[in-house]
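Please look through the sequence and the model before reading on.

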Amino acid sequence: MDEHLKIELGKQGIVVTTLQELYNWGRRNSIWPMQFGLACCAIEMIATTMARFDMARFGAEVFRPSPRQADLMIISGTVTKKMAPQVVRLYNQMAEPRYVIAMGACAISGGPFKQGYNVLKGIDRYIPVDVHIPGCPPRPEALLEAFMALQKKIDAQPLTGAGRPRFLDSEARGEFPIPVPGEHDLEPASNRGVWPVEIETGTKGPRD
Amino acid sequence: MLKTVEEIKAAIEAAIPGAGVEFVPNPGPAAEHSLLLRPESAVAVAKFLRDDAELAFDYLSNVTGVDWPDKEIVEKVKAMRITTKTVDGVEQQVEETVEETRKRIEPGCLEAVYHLYSVAKKHGPLVIRMRTENRTDRVTLPSLTPIWRGAEFQEREVFDLYGIVFAGHPDLRRILMWEEFKDHPMRKDFVEPDDYEYEPTAHDHVLKRAQAHPAAVVASGSQRWRDEGIR
């Protein structure tokens, strides 16, 4: 619908919207994060929820202690290989719609511990991540920025067609394989369903 | 500290005959000498160190491990040899000094190091060590957890990362790595899991690892992703 016409109608007291807009508006303004922290990034995440940065402005002040009630998983810190199966399991237990923010250098790539034998080199090896935030640790502003990026992403999602969210796609897989602790490493070392991420530029990427 | 390490050694030997405590000097500027205990008598010695009124090492601050890999020692030995030489057209037997290179392998061991303090007497640290017979199958040492309760988790950590088995430990399980894990990551011969990932600024050993990885292995993941059509 034409934006000007919409505004004109609004002046006359008529609200014109689409189901998609209404639906996404509700979705993006009530993202409840899960209450769990993994390392030092969690301290910044806690700071973000407190009065100075006030995550409540975005409708995300309610940290749920149960994955069943949470919409957003903030991977706040280093994911060790011992912890990774539990993180994937918690993600599996969350109800759709669910989102993931990988917060900080460790959560996105292993960070300063990347060369370690016990650290997972990025949680996106096992679960799909919506927003990555660099930083060690990222400041609360960065987490808010990631939050707004996630809201924009939700807002732009169509409810039908190719780009629809996973929970409206009956073909999409809801459960992600939980890695099994093996004799030398996690098995498998990554979930081939989500990693490595395909590079869509058409030209050869750095991995190829 | 009231007593020097040598004096403590003498006190141990006076109290426990045949303890076989060995003095390990530290040539560095810290000069933090230590005592090497024999596994057979270690528990008795530890009990003495804790209970003796004058020493009273009532606090165990740290337990750590050391891996001493098998060492190849190359020595140059001078040896006399009789050879036949032609001097001035006449064959003569001449004694000659020849340098020979001999190689021998010094077997390695695993070592547990304990740092003791006395809170009551305000002295310390005293460093005591124990060594296993080798690095592979004879890796048992007596646990000092019955003497100092604080050793429990740290001995578990040493067991986890170095593979020293502490006999008499109340709950010897892995503490950092998962139960199914087979390796001991702090050992010198530990092979890292090959979970190589693309790095924008690979250098040194990371670069070598990157080059060892055929591009096909990394690319096949995204190919499989396309084939299976997982979202």
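Predicted model: local features only at pLDDT ≥ 70, side-chain atom pairs only at ≥ 80, totals over all residues.

In strand S1 of chain A, Leu72(A), Ile74(A) and Ser76(A) point one way while Met73(A) and Ile75(A) point the other way, and every one of these residues is buried. Because five of the five residues of S1(A) are buried, this strand is largely enclosed by the rest of the structure.

S1, S2 and S3 of chain A form an open sheet of three strands in the order S1-S2-S3, with parallel pairing. Its edge strands are S1 and S3 of chain A, each of which pairs on one side only. On average, and with direction ignored, neighbouring strands of this sheet are turned by 15° against each other. Ile74(A) has Ile101(A) as its bridge partner in S2(A), and Ile75(A) stands opposite Ala102(A) in S2(A). Ala102(A) in turn stands opposite His132(A) in S3(A).

| Strand pair | Sense | Bridges |
|---|---|---|
| S1(A) and S2(A) | parallel | five bridges |
| S2(A) and S3(A) | parallel | three bridges |
| S2(B) and S7(B) | parallel | four bridges |

Helix H6 of chain A lies across S2 and S3 of chain A and runs at about 165° to S3(A). Helix H6 (residues 140-155) of chain A also packs with helix H3 (residues 41-49) of chain A, at an angle of about 75° and with the two axes 9 Å apart. H3(A) and H6(A) are therefore roughly perpendicular to each other, since angles of 65 to 115 degrees count as such. Where these helices meet, Glu44(A), Met45(A), Ala47(A) and Thr48(A) in H3(A) face Pro140(A), Leu143(A) and Leu144(A) in H6(A) by contact. Sorted by class, the contact of H3(A) with H6(A) has five nonpolar residues, one polar and one charged.

Which residues have the most contacts inside the largest nonpolar core? That core has 46 residues, and the residues with the most contacts inside it are Met73(A), Ile75(A), Val79(A), Ile101(A), Ala102(A), Met103(A) and Ile123(A). At least two residues of this core are supplied by each of H3, strand S1 (72-76), helix H4 (84-93), strand S2 (99-103), helix H5 (104-109), strand S3 (131-133) and H6 of chain A. Apart from its neighbours within four places in sequence, Ile123(A) is in contact with Ile75(A), Val79(A), Val87(A), Ala102(A), Ala107(A) and Val129(A). A second, separate core of 34 residues includes Ile12(B), Ala46(B), Val63(B) and Leu116(B).

**Chain B**

Chain B has five helices and nine strands, which follow the pattern α-β-β-α-β-β-β-β-β-β-α-β-α-α when read along the sequence. Of its 231 residues, 22% count as buried. Among contacts in chain B between residues at least 6 apart in sequence, 57% join residues at least 24 apart.

Five strands of chain B make an open sheet in the order S1-S2-S7-S6-S3, with mixed pairing. Strand S1 (22-24) and strand S3 (59-68) of chain B stand at the edges with a single partner strand each, so one side of each is left without a neighbour in the sheet. From one strand to the next, the twist averages 30°. Within this sheet, strand S2 (residues 34-37) of chain B pairs with strand S7 (residues 123-131) of chain B, and Ser34(B) has Val127(B) as its bridge partner in S7(B).

Helices also pack on this sheet. Helix H1 (residues 5-15) of chain B lies across S1, S2 and S7 of chain B, and runs at about 165° to S1(B). Helix H3 (residues 151-162) of chain B packs on the sheet by touching S3 and strand S6 (109-118) of chain B, and its direction makes about 10° with that of S3(B).

Technical notes:
Residues numbered from 1 in each chain as written. Chains lettered and ligands numbered in written order. Pairing = 2+ DSSP bridges. Axes fitted to C-alpha atoms, helices over the stretch in contact; angles between N-to-C directions. Contact = placed C-beta atoms within 7 Å. Parallel < 35°, antiparallel > 145°, perpendicular 65-115°, else oblique. Nonpolar A, V, L, I, M, F, W, Y, C, P; charged D, E, K, R; others polar. Core = buried A, V, L, I, M, F, W, Y, C linked by C-beta atoms within 7 Å. Buried ≥ 20, exposed ≤ 12 C-beta atoms within 10 Å, placed from the backbone.
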